[in-house]
Amino acid sequence: MGETLKGKVALVTGGSRGIGAATARALADEGAQVAVGYAASADKAAAVVRDIEAKGVRAAAYRADQADADQVAELVRTVAADFGRLDILVNNAGVAVNGPVDDPDADVSGFERQLAVNVGGVVAAVRAAATVLGEGGRIVTVGSNLASRTGFPGVADYAATKAAIVGYSKGAARDLAPRGITVNVVQSGSVGTDMNPEDGPTADAQRAMNAMGRFGRPEEIAAGIVFLASPAASFVTGTVLTIDGGYLA
């Protein structure tokens, strides 16, 4: 286990599975204590906590609905109080609701929740974290390369939420830089998760659209997040790190 993040406390929202779980474990591998946020998968969150504790560092799971700004703010405050500090916020929680913009039967409520989670949840978490992060604090939000190039029909609303957090993060980076807090986005490409399985109906098309011709692994995205959370990224803020196997190449 490394020590680049020893003594740091990290909160990973959506940390019970996929990229979030891989990130929580990767942060722990570098010595960070990790709070795992989750919305519904209590058993999976508990499993991640056990994995982290087996590494010899502290971990705990917290339930919060990322669509509820009050719950998100309370999550951040509770983690900071329980662990005594907060150094790293990873906004990973997100949902995807796809459908063409001209579909008269579209589930509008689904799109509204997507906006609430993917944008509202991030904004609420950043605002709350800004009150407890100190010098050297890190905020990393997980976005999507669809914010830069959709490539597929039916993803306009999702792409818009991911583009929004890029703009928001750049603005927040300006606001928080004087306090030594960095704010960045990791844009992932096609990654094998429950949300986007490698055997899904569009998987072959996704593989064909990136230069490497394969899905990424959650651990490959986590590696970029850990870098941005580390002391090595002290002069990196307001930027977008795209990890997508060459989809945007």
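Visitor: Which residues does Asn210 touch, not counting residues up to four places away in sequence?

Guide: In this predicted model, Asn210 touches Asp244, Gly245, Gly246 and Tyr247. Asn210 itself sits in the loop between helix H6 (203-209) and H7.

Visitor: Why is Asn210 called buried?

Guide: Its relative accessible area is 7%. Buried means under 20%. Asn210 is therefore buried.

Visitor: What makes the approach of the Asn210 side chain to the backbone nitrogen of Gly213 a polar contact?

Guide: A polar atom of the Asn210 side chain lies 2.7 Å from that nitrogen of Gly213. The cut-off is 3.5 Å, so the distance qualifies. The Asn210 side chain also reaches the backbone oxygen of Arg214, at 3.0 Å. That value is within 3.5 Å too.

Visitor: Which residues have the most contacts inside the largest nonpolar core?

Guide: They are Ala24, Leu27, Val34, Val36, Ile52, Val90 and Ile225. The core has 33 residues. H1 gives the largest share, seven residues.

Visitor: What is Ala24 in contact with, leaving aside its neighbours within four places in sequence?

Guide: Val12, Val34, Val36, Val48 and Ile52. Contact here means heavy atoms within 4.5 Å.

Visitor: How many residues are in the other core, apart from the largest one?

Guide: That core has 30 residues, among them Leu75, Leu89, Ile139 and Ala173. In soluble globular proteins, nonpolar side chains tend to be buried together.

Conventions
Residues numbered from 1 in each chain as written. Predicted model: local features only at pLDDT ≥ 70, side-chain atom pairs only at ≥ 80, totals over all residues. Heavy atoms only, no water. Core = buried A, V, L, I, M, F, W, Y, C linked by side-chain atoms within 4.5 Å. Buried < 20%, exposed > 50% of the residue type's maximum accessible area, 1.4 Å probe, protein only. Helix = DSSP H or I, 4+ residues; strand = E, 2+ residues; numbered from the N terminus. Polar contact = N/O pair within 3.5 Å; in protein donor to acceptor, adjacent residues only side chain to side chain.
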